[in-house]
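These are my notebook entries on one structure. I record below what I looked up, entry by entry.

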Amino acid sequence: MILQAMAKMIVQEHAYKPITGKVLCLGPQEICMSPDEVDEFLKDVPNLQPRSESKVEPAMHPGYYRADYFFSRFTTEDLESLDVDETPSATFVHDLNNPIPDHLCNQYDFIVDGGTFDHLFNLGIALDNVTKMLKPGGRVFQYNAASNYLGKAYVMFGPNLFYDYYTLNGFTDCKVYIARETVREVNAPWEVFYLPNGHTKGLNCEKRKMVIVIAEKGHEGQGGALPVQGPYRLGDLVDEFDNLEKVTQESERPILWGTMDPDIKIAGNVKAVKRAQKLAEDGGFSFKKLFRKKIAKDVNRPIKVKPDMYVGNF
């Protein structure tokens with residue numbers, strides 16, 4: 001489901017690199033906005049397609065609509081949806097727990113996982129499937145359960161799982177965030193924290209949390225490489241990962257930026273957040289731009305930064 005907070009993030013990604021071409025949703029997606037509300041939401045966003053009446057459909061149930069119309073405003077081709085079984089909204093059927101057929105490889109410019117991975121079992125295969133389905137330079141946007149979703153999800157993710165996998169498999173960028181709910185209401189704002197290296201220990205609390213990922217595929221990655229978690233990575237594995245991580249740190253992709261809540265405690269990254277606020281006022285900033293002083297000190301070493309950087313409410 002596309003919550004309004006996630007829609008804001010997709011819009012920011014579109015502002016950086018327009019979402020065009022073929023888009024695939026992992027599971028048919030709903031959105032908590034009517035077509036008219038979508039138009040109002042997108043009224044100031046550049047590089048959009050005209051309103052498509054053919055995509056305007058009645059509500060699936062009160063307050064929930066198919067997301068086709070929202071995505072039709074971005075793309076120049078039809079949105080496709082994968083599902084585990086035949087449904088009216090599915091373009092084709094495939095179980096992501098199993099390897100995809102060859103004809104789906106290198107087909108999509110943008111893939112949206114709106115809470116599908118936390119219902120899967122064979123996660124290594126599912127991650128490889130996403131990697132294979134993306135074209136070189138294609139992107140994946142994912143948000144899934146991180147904590148306090150017992151009974152609603154098979155698994156709840158540590159954010160470094162995605163960061164380590166996409167980095168090791170040659171993606172040119174991987175931005176990872178934790179979104180923490182404010183109140184349990186549809187389209188209520190979420191507090192969002194950027195994790196520069198995919199790691200956090202300081203955000204554990206009783207609130208529901210989601211992990212959010214924006215990753216861009218390189219020109220050679222086809223999946224298959226399984227990461228070893230950082231504390232257990234030794235020898236050549238450390239060097240291999242560090243070299244690949246430096247590639248992602250060179251990306252110009254801006255860090256997502258929301259509306260700052262002055263009551264949110266900013267621990268550990270106070271200077272970085274204050275610097276980020278100034279850069280955001282000037283039109284945005286990438287990892288490299290935010291931490292350029294650290295890069296300048298030694299270009300041959302990976303940048304070690306503090307986690308849990310508050311980037312605003314969405």
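Which residue's side chain meets that of R73 in a salt bridge? I found that the partner is D39, at 2.7 Å from N to O. I take a salt bridge to be a side-chain nitrogen of Lys or Arg within 4 Å of a carboxyl oxygen of Asp or Glu.

Basis of the entries. I am working from a predicted model, in which local features need pLDDT of at least 70 and side-chain atom pairs count only at pLDDT 80 or more, while totals for chains, interfaces and linings use all residues. Residues are numbered from 1 along each chain as its sequence is written, and side-chain values use heavy atoms, with hydrogens and water left out.

Entry 1, salt bridges. I looked up the total first, and by the rule above the count comes to 21 salt bridges. Helices (H or I, at least four residues) and strands (E, at least two) are DSSP runs, numbered from the N terminus. I note that R73 and D39 are both buried. For this I use the relative accessible area: buried means under 20%, exposed over 50%, and partly exposed in between, with a 1.4 Å probe and protein chains only.

I then checked E40, which forms a salt bridge with K43; their closest N and O atoms are 2.9 Å apart. E40 is partly exposed because its relative accessible area is 47%, and K43 counts as exposed because its relative accessibility is 54%.

A further pair is K288 with E252, where the closest N and O atoms are 2.9 Å apart. This pair also links distant parts of the chain, since K288 is in helix α8 (residues 287-290) and E252 is in the loop between α6 and α7 (270-281), 36 residues apart. With a relative accessible area of 22%, K288 is partly exposed; E252, at 46% relative accessibility, counts as partly exposed. I also recorded one network, in which salt bridges that share partners join E13, K17, R139, D173, K175, E216 and R253.

E37 is found in helix α2 and is partly exposed, its relative accessible area being 44%.

Why do I list helix α4 (residues 123-133) as largely enclosed by the rest of the structure? I do so because 8 of its 11 residues are buried. These are L123, A126, L127, D128, N129, V130, T131 and M133. They pack against β1 (23-26), β6 (108-113), β7 (134-147) and α5 (159-168).

I found α5 mostly covered, with 9 of its 10 residues buried. The buried residues are P159, N160, F162, Y163, D164, Y165, Y166, T167 and L168, and they pack against α4, β7, β8 (173-181), β10 and α6. After α5 comes G170, whose phi is positive, near 80°. From P159 I looked across to N197, which is 38 residues away in sequence and 9.4 Å away in space, C-alpha to C-alpha. N197 lies in the loop between β9 (190-194) and β10 (209-216) and is buried, with a relative accessible area of 16%.

How do the axes of α5 and α6 cross? They come within 9 Å and cross at roughly 90°. That makes α5 roughly perpendicular to α6, a term that covers angles of 65 to 115 degrees. At this meeting, Y163, D164, T167 and L168 in α5 meet E240, F241, L244, E245 and T248 in α6. T248 is buried, with a relative accessible area of 4%. Leaving aside neighbours within four places in sequence, T248 is in contact (heavy atoms within 4.5 Å) with Y163, T167, F171, T172, D173 and C174.

L237 is found in helix α6 (residues 236-249) and counts as partly exposed because its relative accessibility is 40%.

Methods. Axes are lines fitted to C-alpha atoms, for helices over the stretch in contact, and angles run from 0 to 180 degrees between N-to-C directions. Angles under 35 degrees count as roughly parallel, over 145 as roughly antiparallel, 65 to 115 as roughly perpendicular and the rest as oblique.
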